[in-house]
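Thanks for coming, everyone. Have the sequence and the structure open while I talk. I will go through it piece by piece.

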Amino acid sequence: MSRFEALLDAMRQRAQPIVFMNQRSLIRHPGPAEPPLPTSRPPLQRKITDAMPFQSSQPFLQSRRSVSWAAMLGAALFLAACSQEGAKAPAGMGAAGRPEVGVVTLHPQSVAITAELSGRTSASLTADVRPQVNGIIQARLFQEGSEVVVGQPLYLINPASYQAALDSAKAAQQKAESAVPTAQAKFDRYAGLLAQKVVSQQDYDDAAATLAQAQADVASAKASVETARINLDYTKITAPIAGRIDKSSLTPGALVTANQDTVLTTIRALDPINVDVTQSSTNLLNLRQAINEGRLKFSGPNVSVKLKLDNGTVYTQTGKMEFASANVDQSTGTFALRAQFPNPDRLLLPGMYVRALIEEGVAQNSFLVPQRGVSRNTKGEATAMVINAAGKVEQRVLTVRNSVGNSWLVDSGVGDGDRVIVEGLQLVRPGGDATGVEVTIDEATGEVKDRAQTSSAVPATSEVASNAPKTGN
């Protein structure tokens, strides 16, 4: 006899008489082996009562019996399911009772060491546009916020007075040039007469001086013409550099003066664009010490730089380091660095907050331990749980240098082939047994994204999954 049949038989033997109520009296129907109850009613009343039909109570009796059998059947099914669940291994346990944990096998590798420094972008070229002559602005010749090229007209100042000054200078030049031939002829004539002793030396010197003065007047007039032409050209203000132009601070009709403090507009060159960051002098000393000790291989003078934007995305273009400041700021203990990035799409604008990822060097034969597998002990030391070759759990004390993404760069405490536990740390203790299952860590988030299946883990997982809906029902 099965356990289920034995349970049903025991429940049948414990069945009690069923009591129901009709409209007139309480009738107790005995069970199969119970004798009828005596009654103290008179014979005539008992005959009348026994002759009355109780058809209205029969459905109620059948319903109570159905409910009782349904309850017994449900209880039997529940006990059977509980017995089957107890025979299985709990979730997360192997076939031999060992806890299954996710592990990552370590191997030495070359790790690029980067420094993440905060800073802001700045234009590679900046030009403030100011007037160089006095006058009234007649027109604005550019579209605000557009790209301009070198020499493109931006503003037009009333040129009437400057055109008149140019014409006057040209007239003065012609007047000066007209005096030169007469002075030249007189000088030549006096030179011949002096040879014949007809004129005195004084007359000859006066003629030479007159010629030189006439030639100087011509040169001065030419300079005046050039000055007037330059001032006339200044009435048309042009772009000194190529780039994106800002809004105009003044409108047509405004009076401007030469070299005024108010800037008409500003032009900024956005491609390429600079990124100015600061680095701690302490980090610089540590970097040079690591290079000298051979723990870090210098990547050379052409240092590549990545850029992380304010929203967390990485800029697609790679920049290069331009220069490092030659002095340290005494108030902050930092020095300035500048990197330059291509900006063809004008995604980067001056003043944006960014984080520069500067490649300082390469650490060869290094180990990267996922951060999710590293904790701290009571002394504050970094520790990790490792499964050795015998399947035992060991706690290792690590020497951590710095973070690389979602992993720690470890100098000591682990070796080649060590399996670090990164999932299920709450199931193991140092010295205990454990079964390691290889997992893959997502480099972007540091979470487990893929878990390998073992021969002992697959049946348990599938069995629990198949029984989960039954337990819920």
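**A buried threonine and its surroundings**

Let's start with threonine 265. Its relative accessibility is 2%, so threonine 265 counts as buried, since the cut-off is under 20%. Keep in mind that this is a predicted model.

Where is threonine 265? It lies in strand 11, which covers residues 265–280. Now look at its side chain. It reaches the backbone oxygen of aspartate 246 at 3.1 Å. A polar atom of that side chain also lies 3.2 Å from the backbone oxygen of lysine 247.

Which residues touch threonine 265, leaving aside neighbours within four places in sequence? They are Ala127, Asp128, Val129, Phe142, Tyr155, Ile245, Asp246 and Lys247. Hold on to two of those names, Phe142 and Tyr155. We need them next.

**Aromatic pairs**

The structure holds three aromatic pairs. I will show you two.

Take phenylalanine 142 and tyrosine 155. Their ring centres are 5.5 Å apart and their planes stand at 75°, so this pair is edge-to-face. Phenylalanine 142 sits in the loop between strand 5 and strand 6, and tyrosine 155 sits in strand 7, residues 153–157, so the pair ties together parts that are 13 residues apart in sequence. Buried or exposed, phenylalanine 142? Phenylalanine 142 is at 6% relative accessibility, so it counts as buried. Tyrosine 155 is buried too, with a relative accessible area of 1%.

Next pair: phenylalanine 187 and tyrosine 204. This one is tilted, with 5.2 Å from centre to centre and 35° between the planes. Phenylalanine 187 belongs to helix 4 and tyrosine 204 to helix 5, so here the pair ties together parts 17 residues apart in sequence. Both phenylalanine 187 and tyrosine 204 are buried.

**Serine 248**

Back to tyrosine 155. Its side chain makes a polar contact, at 2.6 Å, with the side chain of serine 248. Serine 248 lies in the loop between strand 9 and strand 10. It is buried, with a relative accessible area of 13%. The serine 248 side chain also reaches the backbone oxygen of leucine 250, at 2.5 Å.

What else does serine 248 touch, beyond neighbours within four places in sequence? Its contacts are Arg140, Phe142, Glu144, Tyr155 and Leu264.

**Helix 5**

Helix 5 runs over residues 201–234. That is 34 residues, reaching 50 Å from first C-alpha to last. The expected value at 1.5 Å a residue is 50 Å, and the helix comes close to it.

Which residues of helix 5 are buried? Tyr204, Ala207, Leu211, Ala214, Val218, Ala221, Val225, Ala228 and Leu232. Look at the spacing of those numbers on your screen. Here is the general rule. An α-helix has 3.6 residues a turn, so residues three or four places apart point the same way. And what do the buried residues of helix 5 pack against? They pack against helix 4, residues 160–195, and strand 8, residues 236–238.

**A sheet and a hairpin**

Strand 8 takes us to a sheet. It is an open sheet of four strands, in the order 8-7-5-10, with antiparallel pairing. Strand 8 and strand 10 stand at the edges with a single partner strand each, so one side of each has no neighbour in the sheet. Strand 5, residues 135–140, pairs with strand 10 over two bridges. At one of the positions, glycine 135 has valine 256 of strand 10 as its bridge partner.

Now jump along the chain. Strand 22, residues 435–441, and strand 23, residues 448–451, pair in the antiparallel sense over three bridges. Threonine 440 stands opposite aspartate 450 in strand 23. These two strands form a hairpin with six residues between them. In the turn, glycine 446 has a positive phi of about 80°.

**The whole chain**

Last, step back. The chain has seven helices and 23 strands. It has 473 residues, and 29% of them count as buried. Take the contacts between residues at least 6 apart in sequence: 73% of them join residues at least 24 apart. The accessible surface comes to about 28900 Å², and 53% of that belongs to carbon and sulfur atoms.

That's my tour. Thank you.

Conventions. Residues are numbered from 1 along each chain as its sequence is written. This is a predicted model: local features need pLDDT of at least 70, side-chain atom pairs count only at pLDDT 80 or more; totals for chains, interfaces and linings use all residues. Side-chain values use heavy atoms; hydrogens and water are left out. The expected span of a helix is 1.5 Å times one less than its number of residues. Buried means under 20% relative accessible area, exposed over 50%, partly exposed in between (1.4 Å probe, protein chains only). Contact means heavy atoms within 4.5 Å. Two strands pair if DSSP finds at least two bridges between them. Accessible areas come from the Shrake-Rupley method with a 1.4 Å probe; for residues, only the protein chains shown count as cover. A polar contact is a pair of N or O atoms within 3.5 Å; within protein, one must be able to donate a hydrogen and the other to accept it, and residues adjacent in sequence count only if both atoms are side-chain atoms. Rings of Phe, Tyr and Trp (its six-membered ring) pair if their centres lie within 6.5 Å; planes under 30 degrees apart count as stacked, over 60 as edge-to-face and the rest as tilted.
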